Amino acid sequence: MPPAKPVPTGPRAASRPTLRDVARTLGVSVATVSNAYNRPDQLSEDLRDRILAAARDLGYQGPDPLARSLRRGRTGVLGVVYDAPLDYAFADPAAALFLGSVTRAVQDRDLNVLLLAAPHDPQADATLAVRNASVDGFIVYCAAEGSPLLRAVLDRALPTVLVDQDPQGGSAHVGIDDAGGAQAAAAHLLALGHRQLGALCLELAGDRHTGPVSAAREAQVAYRTTAQRIHGYRAATAEYPDAALHLMEAGQNTPADGEALTLDLLRAHPDVTGVVCMSDVLAQGALRAAATLGLSVPGNLSVIGYDDLPSSGALNLTTVWQPTPDKGAAVGAAILALLDGQEPAPVTLPTRLVVRGSTAPPRPPAAPTR
């Protein structure tokens with residue numbers, strides 16, 4: 001039996017195999033080995049298979065992704081900035097649909113998506129992830145205007161698409177007709193005869209405030225989506241001098257928040273007969289609250305959502321449809337255009353009211369008993 005080869009020691013033993021080692025083993029050029037990883041169409045299938053097999057035997061793992069990205073000047077990664085905690089991004093069905101459609105729009109260009117979310121602690125520095133991210137560009141999904149998170153993105157001066165907010169700093173814009181959809185929802189209830197309306201609003205200013213919205217609080221609104229939808233609700237109610245609109249703010253877009261807000265709303269304003277909600281998720285909470293109070297929908301309370309999630313049809317929920325897959329595709333097209341040095345035009349997609357069984361005329365007051 002031949003003696004066992006001595007185990008190498010010292011600095012050389014700890015070094016990783018390199019592309020040059022693979023080339024030396026096969027007696028081919030370094031460029032040929034590089035082509036096996038980066039330009040496989042330049043090699044025959046047999047030669048590429050031999051190179052990859054030799055690399056495996058040597059323990060060579062392929063080109064260093066960081067070094068390759070530095071050479072190319074691209075990372076192949078897009079940062080999606082989500083102004084809410086990470087678990088919330090996956091719990092919100094509308095956000096999940098949007099993120100999925102964005103991913104599908106860019107994956108054919110060998111781009112990956114890195115989700116950069118805000119921390120749970122509102123006092124924590126939400127900008128660290130943005131400032132340290134190795135990405136080719138940003139997609140900002142519903143950040144508060146003037147927020148440190150948005151400023152950190154714009155300070156990077158990378159290709160950026162702002163979603164559902166005003167373009168600024170050379171960024172592109174993709175959004176929907178938020179105000180038009182909200183106005184159609186409130187106008188539908190008013191046309192049915194409702195005059196006392198409640199509105200379950202998404203966050204106004206990014207500080208997780210929950211409860212009734214005062215005039216001073218409304219003046220602080222920093223989210224374009226929330227501002228536009230409030231504007232739509234108010235535009236509809238302005239057409240009816242005897243109509244009233246009571247705003248309630250959700251700290252988070254969850255059914256639990258929607259339920260708690262509706263209960264508070266109806267306790268404070270028992271004459272409310274119709275509720276417009278800025279999301280289908282909040283509307284689900286409003287339906288739960290009606291059941292808790294023994295109110296029939298739409299007999300005692302009419303409810304309208306916003307988004308038209310896949311589950312909303314099964315709930316028979318009247319809602320405002322928005323083209324979430326199309327919005328994600330438009331965002332993907334915009335960021336790809338920016339990466340190619342083009343300036344995409346702003347995109348505003350339409351919304352429409354989908355009337356189902358959760359809305360009806362209010363019941364007339366019961367006749368007094370003698």
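A crossing of two helices is left-handed if the near helix is turned anticlockwise from the far one by less than a right angle, and right-handed if clockwise. This is a predicted model, in which local features need pLDDT of at least 70, side-chain atom pairs count only at pLDDT 80 or more, and totals for chains, interfaces and linings use all residues. Residues are numbered from 1 along each chain as its sequence is written, and side-chain values use heavy atoms, with hydrogens and water left out.

**Overall**
- The protein has 15 helices and 13 strands (DSSP runs: H or I of at least four residues for helices, E of at least two for strands, numbered from the N terminus).
- Of its 370 residues, 46% are buried (under 20% relative accessible area, 1.4 Å probe, protein chains only).

**H7 and H15**
- The axes of H7 (residues 93–106) and H15 (residues 324–339) come within 7 Å and cross at roughly 40 degrees (axes are lines fitted to C-alpha atoms over the stretch in contact; angles run from 0 to 180 degrees between N-to-C directions).
- H7 and H15 are therefore oblique to each other (angles under 35 degrees are roughly parallel, over 145 roughly antiparallel, 65 to 115 roughly perpendicular, the rest oblique).
- Their crossing is right-handed.
- Residues in contact (heavy atoms within 4.5 Å) include Phe98 in H7 and Ile335 in H15.

**H10 and H12**
- H10 (residues 178–192) packs against H12 (residues 224–237) at about 35 degrees, with axes 7 Å apart.
- H10 passes H12 in a right-handed crossing.

Key
Buried means under 20% relative accessible area, exposed over 50%, partly exposed in between (1.4 Å probe, protein chains only).
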